[in-house]
Amino acid sequence: MSIYVDIEKDLGSFRLKTKFEAGDETIALLGASGCGKSLTLKCIAGIEKPDRGKIIVDGVTLFDSEKKINLTPQQRRTGLMFQNYALFPNMTVLQNIQAGAKREKDKRKRQEAIDSVMDSFGLTEYAGRYPHQLSGGQQQRVALARILVSNPRILLLDEPFSALDSHLRFKLEQEVRQVIRKFGRSVILVSHDRDEVFRMSDKIAIMANGRVEALGAKADVFADPKTRAGATLTGCKNISAVRRIDADTVYATEWGISLKLPNLTDQVTSIGIRMRRIRPAPGENTFRCKVVAEIEDPFSYTAMLRPIGADEGAPLGWLMDKDKWLQIRSDEVEICLPPESVLLLHD
Amino acid sequence: MDWFPLYNSIRIALISTVIIFFLGIFAAYYIAKTPRLIKGVLDVFLTLPLVLPPTVVGWLLLRILGPKRIIGSWFLEHLDLKLTMNWWSAIFATTVVIFPLMYRTARGAFESFDETLAYSAQSLGLSNTYIFWRVRMPYCRQGILAGTVLAFARALGEYGATSMICGYTPGRTATISTTVYQLWRTNEDGSAMKWVLVNLAISFVVLLAVNMLEKKNGSRRKGGI
């Protein structure tokens with residue numbers, strides 16, 4: 001295992017208790033702000049000290065409360081990148097890179113490493129500029145180059161794209177993906193953006209309230225996010241609390257409808273269905289609904305539907321391609337919620 | 001005109017500013033890291049000389065540095081050194097009086113520092129000493145320079161504590177401010193006026209320097225993150 005983390009930290013009003021591991025791959029910590037994902041990164045980098053636990057990277061123990069091991073941030077060699085990139089404002093691009101290379105004591109090797117990243121990140125033409133003279137994308141490139149020249153064991157990326165305009169994001173994401181592929185070791189990506197996480201990572205840990213609520217390959221986590229918070233974070237918009245009626249029936253209290261679902265367990269307290277997974281009737285769990293609103297996106301429509309007979313409560317969103325909605329558009333539609341698409345969730 | 005008071009004032013101010021530059025910065029840096037309660041107490045204690053009348057500072061200094069007091073008598077006995085009534089005795093007075101100016105401006109500057117810069121630097125393997133001098137200090141340069149210049153100006157004008165601890169001996173301990181007082185007392189208005197003009201000129205240059213420093217730094221940081 002290339003990264004193993006099992007730590008606890010009590011901050012009074014907030015308790016962090018994270019545990020996850022990953023190989024030479026990208027693991028994303030997906031969570032809302034304040035869930036402890038950035039704090040976890042800081043603990044790995046040695047900026048914050050956990051109360052208890054263990055952090056092992058590439059076979060090197062960075063922190064172990066039982067064995068009283070607590071390496072300094074300098075000894076840990078974790079390549080930590082903040083969302084503001086933290087370039088030294090008083091140094092030029094070249095000086096920033098040189099500062100990153102200081103760990104290498106051999107002068108010739110150091111110069112080679114500097115030349116190599118300056119070249120591969122295309123920084124030579126900006127070498128003499130100061131960070132504030134660069135665009136956001138260029139700053140990110142310098143930050144990545146500075147980290148890689150420091151020869152880290154692991155990359156820790158804290159919301160790497162959130163400071164960028166959306167049109168730049170897509171392009172830079174691809175650049176960062178290439179950097180990650182070349183790096184070839186563990187990468188931890190912290191983000192609250194499920195699309196970004198899905199595109200960038202191999203593995204996902206969903207975090208809420210300082211805990212890892214779901215951990216697994218990204219496809220598995222999206223298919224079964226397990227908790228209500230997990231469903232929300234992976235982008236499921238239709239979620240309702242449920243009351244059990246019998247062995248295979250629940251009443252969705254927020255939608256005002258009953259559904260027949262196999263595989264129910266006592267743990268299930270909520271269910272969810274992604275907006276694209278709703279199907280037109282016929283099928284199982286069929287409901288006639290009133291269209292209460294229609295939301296137009298560039299390439300799709302979302303119909304907001306309220307089951308007939310359920311006057312109160314939240315409407316269900318049904319997302320589909322434009323032409324499809326235009327074919328069936330009316331004031332009332334009949335839909336089905338296929339049991340295999342319903343997410344079974346607990347709190 | 002005897003220029004000794006100008007020379008004496010400037011050397012006292014320069015030496016005490018150099019001392020306070022380091023003392024103030026290190027106090028600000030380390031106190032910022034202490035728990036809140038200790039920070040509060042130390043803060044009050046260290047800022048006290050700013051609000052105390054200089055005569056009170058002078059009196060307190062004489063209580064410990066005077067020839068018959070704890071520290072003063074020790075130096076006199078073991079090193080045959082009298083700590084008061086020398087030109088350099090004024091440095092004790094000026095350092096105490098200007099310390100809070102440097103300490104508070106440096107602390108304000110450090111508090112505005114973006115800690116992610118330090119965290120990133122540590123992760124890159126840079127030593128804490130390097131980070132302090134090459135990242136933190138340049139980032140906070142504006143505030144620290146302003147504090148240094150203000151402290152220097154204040155040291156140059158110190159009167160109360162200085163006159164108590166080193167008196168007024170022409171050609172030996174006279175500073176600009178004690179000279180002006182002495183000339184006024186002896187009704188030599190013409191000479192007093194000359195020193196007042198010298199003092200005004202110095203203050204003007206110092207304040208101009210502060211303003212120019214701020215402008216220069218302001219334009220450089222603009223647009224940065």
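Analyst: In this predicted model, the side chains of A:D266 and A:R244 meet in a salt bridge, with 3.3 Å from N to O. The two residues are 22 apart in the chain, and the pair links distant parts of it. A:D266 sits in the loop between β14 (257–260) and β15 (270–273) of chain A, while A:R244 belongs to strand β12 (residues 238–246) of chain A. In general, side chains of opposite charge can pair when their charged atoms come close. Over all chains, the count comes to 22 salt bridges by this rule.

Across the interface of chain A and chain B, however, the rule finds 0 salt bridges. Polar contacts are present there: the count between chain A and chain B is 7 residue pairs, both residues at pLDDT 80 or more. The elements of chain A that give two or more residues to the side touching chain B are α1 (37–45), α2 (73–76), β7 (78–81), α3 (93–100) and α5 (136–149). Of these, α5(A) has the largest share, with 3 residues. Sorted by class, this side of chain A has 13 nonpolar, 8 polar and 4 charged residues.

In total, 25 residues of chain A are in contact with 24 residues of chain B. The two chains bury about 2100 Å² between them, and 62% of that is on carbon and sulfur atoms. A:Q74, A:F88 and A:H132 supply 26% of the area that chain A buries against chain B, more than any other three residues.

Helix α5(A) also packs within its own chain. Its axis and that of helix α6 (residues 166–183) of chain A come within 11 Å and cross at roughly 10°. That angle makes α5(A) roughly parallel to α6(A), since angles under 35 degrees count as roughly parallel. On the α5(A) side the contact is made by A:G137, A:Q140, A:R141, A:L144 and A:L148. On the α6(A) side it is made by A:L168, A:L172, A:E175, A:V176, A:V179 and A:F183. By class, this contact has 7 nonpolar, 2 polar and 2 charged residues.

Two backbone details of chain A fall in loops. The peptide bond from A:A281 to A:P282 is cis, with omega near 5°, and A:P282 lies in the loop between β16 (279–280) and β17 (286–296) of chain A. A:R77 is a residue other than glycine with a positive phi, near 55°, and it is placed in the loop between α2 and β7 of chain A.

Chain B has 11 helices and 0 strands. Its C-alpha trace spans about 65 × 40 × 30 Å along the principal axes. The axes of helix α1 (residues 4–31) of chain B and helix α7 (residues 128–139) of chain B come within 14 Å and cross at roughly 85°, so α1(B) and α7(B) are roughly perpendicular to each other. From α1(B), B:F21, B:F22, B:I25, B:F26 and B:Y29 make the contact, and from α7(B), B:F132, B:W133, B:R136 and B:M137 do. By class, this contact has 8 nonpolar, no polar and 1 charged residues.

Technical notes: Residues are numbered from 1 along each chain as its sequence is written. Chains are lettered from A and ligands numbered from 1 in the order in which they are written. This is a predicted model: local features need pLDDT of at least 70, side-chain atom pairs count only at pLDDT 80 or more; totals for chains, interfaces and linings use all residues. Side-chain values use heavy atoms; hydrogens and water are left out. Contact means heavy atoms within 4.5 Å. Buried area is the accessible area (1.4 Å probe) that two parts lose on being put together, summed over both. A salt bridge is a side-chain nitrogen of Lys or Arg within 4 Å of a carboxyl oxygen of Asp or Glu. A polar contact is a pair of N or O atoms within 3.5 Å; within protein, one must be able to donate a hydrogen and the other to accept it, and residues adjacent in sequence count only if both atoms are side-chain atoms. Helices (H or I, at least four residues) and strands (E, at least two) are DSSP runs, numbered from the N terminus. Ala, Val, Leu, Ile, Met, Phe, Trp, Tyr, Cys and Pro count as nonpolar, Asp, Glu, Lys and Arg as charged, and the others, Gly among them, as polar. Axes are lines fitted to C-alpha atoms, for helices over the stretch in contact, and angles run from 0 to 180 degrees between N-to-C directions. Angles under 35 degrees count as roughly parallel, over 145 as roughly antiparallel, 65 to 115 as roughly perpendicular and the rest as oblique.
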